[in-house]
Amino acid sequence: MSFLRRRNAAVPAGPDFDVLAMDPSDWPGNLGAGLLPAPDGTCQGVFLRYDLFGGRGPAMIIGNLPEGAPAREVADGEVPFEVAQLLVALENDEPVHVTGTDEDPVMHDGNLLIVRRVKCSESRVSCVQFDRSDGVLVTIASWDRPITGDLYALLKPLPAELFQQ
């Protein structure tokens, strides 16, 4: 993917896990990706930012964070990393916090996922999280759009090689 460039040693070469996300060819807008580096140069997560065409701003962020990634560790009431990144991209500096969670069963590729719906104090934020069988936490945060079953059908494992330099 041409949007990923290795800039210096602090940027990891890429993940050692597949990334569950919407295929770039299925998104009718702009797409960007970021790698979360560890001090030793390994990849501690990948997040993809899906923007709307015409400079209308970000619509969604999908993150994949493996076990042990510091970005997974949030204090009670704190929003997930992907929600915080979405709010930064939107230049929204209002404080937002988690007000509760619900669990919903969702089918994905013939497998049952237990999806946590994260409720935020900002009503225009939708957020869901689920754990993959390999220990990677997937978080989807969207702005002003509900996350429905149609989105889960579009999630595909993107090979780690797409994100490696």
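Residues are numbered from 1 along each chain as its sequence is written, and side-chain values use heavy atoms, with hydrogens and water left out. Because the model is predicted, local features need pLDDT of at least 70 and side-chain atom pairs count only at pLDDT 80 or more, while totals for chains, interfaces and linings use all residues.

**The whole chain**

Begin with a cartoon view, in which the protein shows two helices and nine strands, these being DSSP runs numbered from the N terminus (helices H or I, at least four residues; strands E, at least two). Switching to a surface view, you have about 8,700 Å² of accessible surface, of which 49% belongs to carbon and sulfur atoms; the areas come from the Shrake-Rupley method with a 1.4 Å probe, and for residues only the protein chains shown count as cover. Of the 165 residues, 45% count as buried, where buried means under 20% relative accessible area, exposed over 50%, and partly exposed in between (1.4 Å probe, protein chains only). Among contacts (heavy atoms within 4.5 Å) between residues at least 6 apart in sequence, 52% join residues at least 24 apart.

**The cores**

Next select Tyr-50 and Met-60, which touch the most other members of the largest nonpolar core, a set of 30 residues. Such a core consists of buried Ala, Val, Leu, Ile, Met, Phe, Trp, Tyr and Cys residues joined through side-chain atoms within 4.5 Å. Leaving aside residues up to four places away in sequence, Met-60 touches Met-22, Trp-27, Leu-48, Arg-49, Tyr-50, Leu-86, Ile-140, Ala-141, Ser-142 and Leu-151. Apart from this core lies another, of 17 residues, which includes Leu-36, Phe-47, Ala-69 and Cys-127.

**Aromatic pairs**

Now display the rings of Phe, Tyr and Trp (its six-membered ring), which pair if their centres lie within 6.5 Å; planes under 30 degrees apart count as stacked, over 60 as edge-to-face and the rest as tilted. By this rule there are three aromatic pairs. One of them joins Trp-27 and Tyr-50 edge-to-face, at 5.4 Å centre to centre with 70° between the planes. Trp-27 lies in the loop between strand S1 (19-22) and strand S2 (30-37) and Tyr-50 in strand S3 (residues 43-51), so the pair ties together parts that are 23 residues apart in sequence. Both Trp-27 and Tyr-50 are buried.

Then move to Phe-47 and Phe-81, also an edge-to-face pair, with 5.6 Å centre to centre and 75° between the planes. Here strand S3, which holds Phe-47, is linked to helix H1 (residues 81-89), which holds Phe-81, across 34 residues. Phe-47 counts as buried because its relative accessibility is 17%, and Phe-81 is likewise buried, at 18%.

**Salt bridges**

Show the charged side chains next: the whole structure has eight salt bridges, each a side-chain nitrogen of Lys or Arg within 4 Å of a carboxyl oxygen of Asp or Glu. Between Asp-102 and Lys-119, the closest N and O atoms are 2.9 Å apart, and this pair links strand S5 with strand S6, 17 residues apart. Asp-102 is partly exposed at 35% relative accessible area, as is Lys-119 at 39%.

Asp-131 and Arg-116 meet in another salt bridge (3.5 Å, N to O); Asp-131 lies in strand S7 (residues 125-131) and Arg-116 in strand S6, so parts 15 residues apart in sequence are tied together. Finally, select Asp-134 and Arg-132, whose side chains form a salt bridge at 2.6 Å, N to O. Asp-134 is partly exposed at 44% relative accessibility, whereas Arg-132 counts as buried at 16%. Salt bridges that share partners also join Arg-72, Arg-116 and Asp-131 into one network.

**Exposed loops**

For the last stop, select Asp-109, in the loop between strand S5 (98-108) and strand S6 (111-120). Asp-109 counts as exposed because its relative accessibility is 63%, and its phi is near 50°, a positive value in a residue other than glycine. The C-alpha atoms of Asp-109 and Lys-156 are separated by 9.2 Å, although these residues are 47 apart along the chain. Glu-91, in the loop between H1 and S5, also has a positive phi, of about 60°, without being a glycine, and is exposed at 72%.
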